[in-house]
Amino acid sequence: MNLIEGEIKKAVYDAVETVEITDVHTHLYPPSFGKMLLWGIDELLNYHYLVAETMRWLDIPYEDFWAMSKRQQADLIWKTLFIDNSPYSEACRGVLTNLHKLGFDVASRDLEGYRKYFDSVSLEEYVDRIFKEGRIKYVVMTNDPFNEEERGYWLKGYKDARFKGALRLDVLLNNWPDACTKLKQWGYVVSEDFSGETIAEIRRFLREWMDRMEAVYMAVSLPWDFVYPEDSPRGRIIEECVLPVARDANKPFALMIGVKRQLNPGLKDAGDGVGKADIRAVEYLCAHYPHNKFMVTLLSRENQHELAVAARKFRNLMPFGCWWFLNNPSLIDEITRMRSELLGVSFIPQHSDARVLDQLIYKWSHSRKIIADVLIDKYTDLSKTGWVITPQEIKRDVEKLFGGNFWSFLERKF
Ligand code: REL
Ligand code: ZN
């Protein structure tokens, strides 16, 4: 029997609310990675999105802010963005969604009261709670082998099936001189001019770290002016090392393009901006390496339509997420609608980019609602043609969008 409009709504909300998510890009780590895993109300308030918004109201030098303790910074952010102004920006609202979903009295505005819970709960218990509350099955991490602290944890080894590795190559690709120095220290026979064994040794490094991290993909964030092919160390390493290693392992190479790093360095992590990227780099890679798989997210709104069109041309291209400055309700709605119209069910609508564990709750709660509303419109339009849609089919599609498409893309071999 065909579903009528009210039933479509119910079936979609049920499916989207209950689906267990694979979050394909985060900055989270397992509890065994110690201080690298950020969590709790003070970290939530210190999110760099909120730092940027706070600085718009403050006149103090940036250094004075950075000299404060985390708690003092959180107090100042809370006062500036939540007490002296109404907190309806997406990042502010997110903090309140979190408090609300975890059962705090948001109306009390009692930051000290909220802190008491976070000071008393154990991290392991809290991680379990967040995964359960957020209906999160897996999160993919961002694993930088050039970060000494992180490297130490990998060399010790760890097991937590909920956290999947992703080998992040920003240092290798965007800062070859530093990467080369470190590779040498670690015993790889490399030289900055790529002579001798350098290419083979970089490949060995990639293979070893893919294995150690059981990485589901390799990834890099790239500036807005990234071009490919490129006569540069980065172009060379991508062509001669990353692509062949990724192809042999049948793993995607994830490209995140469009950042203007450190547009305002005084803001630290909050100081990055956005620029429109050149889609030709993505088109070239997909066309010239049909046996490689590419996951791509672009930071600029202006690039979204051409990315969806490129994905229609190349089955080895998987668009994913509404990244960073796009992770706002109006833009998620617009982008998800457009992608659905051009690509049907065959894309990954969202990732959280969570830097603080708690953010899994609000980012996914907000995105679930928006994606569900888009789907309701799409199934309603379908039913008007006389097409019969069942709750099972809705569930099937939703499972693909929130995780299945990612896992099956990993399996595909072109
Ligand atoms: O993975 C990235 O490069 C970015 O997502 C981050 O650098 C960025 O700061 C992040 O917090 C955005 O959401
Ligand atoms: Zn990220």
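Reader: Where does Pro 229 lie, and which residue does a cis peptide bond join to Pro 229?

Author: Most residues other than glycine have a negative phi, and most peptide bonds are trans. Here, Pro 229 is in the loop between strand S5 (218-223) and helix H13 (233-249), and a cis peptide bond with omega of about 5° joins Tyr 228 to Pro 229. Helices (H or I, at least four residues) and strands (E, at least two) are DSSP runs, numbered from the N terminus. This model is predicted: local features need pLDDT of at least 70, side-chain atom pairs count only at pLDDT 80 or more, and totals for chains, interfaces and linings use all residues. Residues are numbered from 1 along each chain as its sequence is written, chains are lettered from A and ligands numbered from 1 in the order in which they are written, and side-chain values use heavy atoms, with hydrogens and water left out.

Reader: Where is Arg 109 found, and is Arg 109 buried or exposed?

Author: Arg 109 is in the loop between helix H6 (90-101) and helix H7 (111-120). Although not a glycine, Arg 109 has a positive phi of about 55°. Its relative accessible area of 53% makes Arg 109 exposed; buried means under 20%, exposed over 50% and partly exposed in between (1.4 Å probe, protein chains only). Lys 268, in the loop between strand S6 (253-260) and strand S7 (273-274), likewise is not a glycine and has a positive phi of about 55°. Lys 268 is partly exposed, at 44%.

Reader: How many residues has the largest nonpolar core?

Author: A nonpolar core is a set of buried Ala, Val, Leu, Ile, Met, Phe, Trp, Tyr and Cys residues joined through side-chain atoms within 4.5 Å. The largest one here has 145 residues, and Leu 206 and Phe 253 have the most contacts inside it. Helix H17 (residues 359-384) gives the most to this core, with nine residues. A second, separate core of six residues includes Leu 326, Leu 331, Ile 332 and Ile 370. Setting aside residues up to four places away in sequence, Phe 253 touches several residues (contact: heavy atoms within 4.5 Å), among them Leu 169, Met 218, Val 242 and Phe 294.

Reader: How many aromatic pairs does the count come to?

Author: A pair of aromatic rings is described by the distance of the centres and the angle of the planes. Rings of Phe, Tyr and Trp (its six-membered ring) pair if their centres lie within 6.5 Å; planes under 30 degrees apart count as stacked, over 60 as edge-to-face and the rest as tilted. The count comes to 31 aromatic pairs. Phe 33 and Tyr 158 are edge-to-face, at 5.5 Å centre to centre with 80° between the planes. This pair links distant parts of the chain, 125 residues apart, and both Phe 33 and Tyr 158 are buried. The rings of Phe 146 and Phe 205 are tilted because their planes stand at 45°, with centres 5.4 Å apart.

Reader: Which residues are closest to ligand 1?

Author: A residue is near a molecule if one of its heavy atoms lies within 4 Å of it. Of the 13 residues that surround ligand 1, the closest are His 48, Tyr 49, Arg 168, Arg 261 and Arg 355. A polar side-chain atom of Arg 355 lies 2.5 Å from an oxygen atom of the ligand. An N or O atom in the side chain of Arg 261 is 2.9 Å from a ligand oxygen.

Technical notes. A polar contact is a pair of N or O atoms within 3.5 Å; within protein, one must be able to donate a hydrogen and the other to accept it, and residues adjacent in sequence count only if both atoms are side-chain atoms.
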